[in-house]
Amino acid sequence: MFQKNTGFRVFFWVSLILIGTFVFFPLLWMINTALKPTAETFSLDFFTGPKTFDNFIHILTDAKIMGYLKNSLIVSFGSSLMATVVCSLAGYSFAKFRYKGRKFVMGMFMMSQAFPQAILLLSIYGIMQKLGLLGSYWSLLISYVVFTLPVGTWTLKSYFDQIPDALIESAKIDGANHFQIMTKVVFPLAVPGMVTIAIYGFVWSWNDLLYSMTLVTDNARRTLASGLVMTFLGMGSTNWGYMMASSIIAAIPVTIIFVFLQRYFIQGLTSGAVKG
Amino acid sequence: MREKRSRGLTDAQTGILLILPGLAVFIAVILFPFIDAIRISFTDKSMLFPDWEYVALENYMEVFRDPYFGKTMLTTAVFVLGGTLLPFILGFIWAILLNQGFKGSELLRGITLVNWIIPGIAIGFLWSWIFNGQYGVLNGVLKALGGEGNTPWLGQTSTALLCVIIARTWQMLPWYMAFLLGGLQGVSVEQIEAARIDGAGNWKCFTRIVVPSMKNIIILILAMGLVGNLQHFDLPWTMAQGGPARATTTLSLEVYNTAFKNWDMGKAATIGTIWAILLACFSIVYLKQVRDSD
């Protein structure tokens, strides 16, 4: 796209080194710190000194933190599944059905990203308290669907939009009912979109701090994000080795999912959001 | 006859039935709580006392009289603007570099995105460590270069917010990069070739052709970025808990602290309502952009 003259070459190499360092160094430093023995934590050695897995072993054998990890898995899988179902139904409805109020509901869903989460929490906290759900997985499962609703519905709508109406019509003529058309004809064609939304929902729930910190007051039900904050913040002396090791452990599931399903994720996310 | 019976519901009825689960969640977790929060903003509700009553605009008066409120707004504005523009600019440059398609650029793109996908608390912990006043690597490097190397970057009011913005930049750069790479791939090569024949240099090609043809996507991601930053909670909280001396207290932290630390629901709802009005302004731009690009 650009002419590779001297000016561009200078710009290219300077930016590559500066931004490259900024982008890649911190994570390497995190791994580097996590692998150091406690006595070496404060040294500036960059992967040169002695290495140990002690920090990881300490975190992985901590029953409390492993409990948080389990809770995170339950909540993230659950809300991801719920979000995918809800968004698929809604996206299909928006794409292939015409009814009164459709445009209005579409607009509202789109707006839902823009409602300030912290203010919603005030009332959600009260509602969950009244329903007796405060501190249960359900309070998080239900709340997390909202993160995915706008992007999820839109992404899946754009998938369903691409399915020709003729295909649905011919299924109808063959005598299929609405449910059969949906499960046998339409949904299988949108699987890539659904995978994208499932990942998106999982990552959001896994990474959320605000809701899990507020809605789950019971230590046994905390998810990893709020659990680690409670564990490490406000401690008199901080063990950075433990903190870096636990951060890596918290980052691994979402990173693995991402590495394997990167293609789906980037395509789905950008195409869904850009096409609207 | 048979066909009619097997279909059961009409198309419109089916469409509405499909939307019901989404609508139910939307009403339960967004619409009702939102309206309820606006109602609470007119009350003196507190989690510490069971009784409450309507106090009209008293909370609003209190918020506007609060000398800290202006400071919170300013902190929010600096965080939102810095945390949007910085990753946007760096993400744009990074996208341009990776778009050159050199060996390994695909891999670099993939690794870059890891920064964005990992939990905010991990990012907060990491940057707290880098900026640590005694043993952080930043101070370590500065010391090795002959500096004092004992600056409490997160512990002093002059630099704390900047540190949070830098961490936010690191987190969001990949997100901008992903969208801008997509945009760059849509720029017409013919147009650039034509301009080059007319004697346009790289900079001119960039400002006259590349940026204008990516206008929609640029406005879209900037609007999304601003809304996202107005909502953002994790980094200022994990890195500094809003301190020191409120230097990193943005609106979302202020609402959280007022509600769940001081248990003053009325005042928290009031700040939240003012905040919602701000968000609505940005969202209108965003929605309009989405509609235009449809």
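User: Which residues of α5(A) meet which residues of α2(B)?

Analyst: In this predicted model, α5(A) contributes A:Ile119, A:Leu120, A:Leu122, A:Ser123, A:Ile124 and A:Ile127. They meet B:Val29, B:Ile30, B:Pro33, B:Phe34, B:Asp36, B:Ala37 and B:Ile40 in α2(B). Two residues are in contact if their C-beta atoms, placed from the backbone, lie within 7 Å. By class, this contact has 11 nonpolar, one polar and one charged residues. Nonpolar covers Ala, Val, Leu, Ile, Met, Phe, Trp, Tyr, Cys and Pro, charged covers Asp, Glu, Lys and Arg, and the others, Gly among them, are polar.

Residues are numbered from 1 along each chain as its sequence is written, while chains are lettered from A and ligands numbered from 1 in the order in which they are written. As the model is predicted, local features need pLDDT of at least 70 and side-chain atom pairs count only at pLDDT 80 or more, whereas totals for chains, interfaces and linings use all residues.

User: Why are α5(A) and α2(B) called roughly perpendicular to each other?

Analyst: Helix α5 (residues 117-131) of chain A and α2(B) pack at an angle of about 100 degrees, with their axes 8 Å apart. The axes are lines fitted to C-alpha atoms, for helices over the stretch in contact, with angles from 0 to 180 degrees between N-to-C directions. Angles under 35 degrees count as roughly parallel, over 145 as roughly antiparallel, 65 to 115 as roughly perpendicular and the rest as oblique. The angle of about 100 degrees therefore makes α5(A) and α2(B) roughly perpendicular to each other.

User: Which residues of α4(A) and α2(B) meet, and how do they divide by class?

Analyst: A:Val105, A:Met108 and A:Phe109 in α4(A) meet B:Ile19, B:Gly22, B:Leu23 and B:Phe26 in α2(B). The residues of this contact comprise six nonpolar, one polar and no charged.

User: Why are α7(A) and α8(A) oblique to each other?

Analyst: The axes of helix α7 (residues 165-173) of chain A and helix α8 (residues 178-189) of chain A come within 11 Å and cross at roughly 140 degrees. An angle of roughly 140 degrees is not over the antiparallel limit, and α7(A) and α8(A) are therefore oblique to each other. The crossing in which α7(A) passes α8(A) is right-handed. A:Leu167, A:Ile168, A:Ala171 and A:Lys172 of α7(A) make the contact with A:Ile181, A:Val185 and A:Val186 of α8(A). By class, the residues of α7(A) and α8(A) in contact are six nonpolar, no polar and one charged.

User: How many residues does the contact take from chain B and from chain A?

Analyst: Chain B gives 86 residues and chain A gives 77 residues. On the side of chain B that touches chain A, the largest share, 20 residues, comes from helix α2 (residues 11-40) of chain B. That side of chain B divides into 59 nonpolar, 20 polar and seven charged residues.

User: What makes chain B more spread out than a compact globule?

Analyst: The secondary structure of chain B comes to 14 helices and zero strands (DSSP runs numbered from the N terminus: H or I of at least four residues, E of at least two). The radius of gyration of chain B is 24 Å, well over the 19 Å of the globule rule for 294 residues, so chain B is more spread out than a compact globule. The radius is taken over C-alpha atoms, and the rule is 2.2 Å times the number of residues to the power 0.38. The C-alpha trace of chain B spans about 85 × 75 × 35 Å along its principal axes.

User: What does the domain assignment of chain A give?

Analyst: Chain A is assigned domain 1 (1-52) and domain 2 (54-275), with bounds from an automatic or database domain assignment. The centres of these two domains of chain A, taken over C-alpha atoms, are separated by 32 Å.

Technical notes:
A crossing is left-handed if the near helix is turned anticlockwise from the far one by less than a right angle, and right-handed if clockwise.
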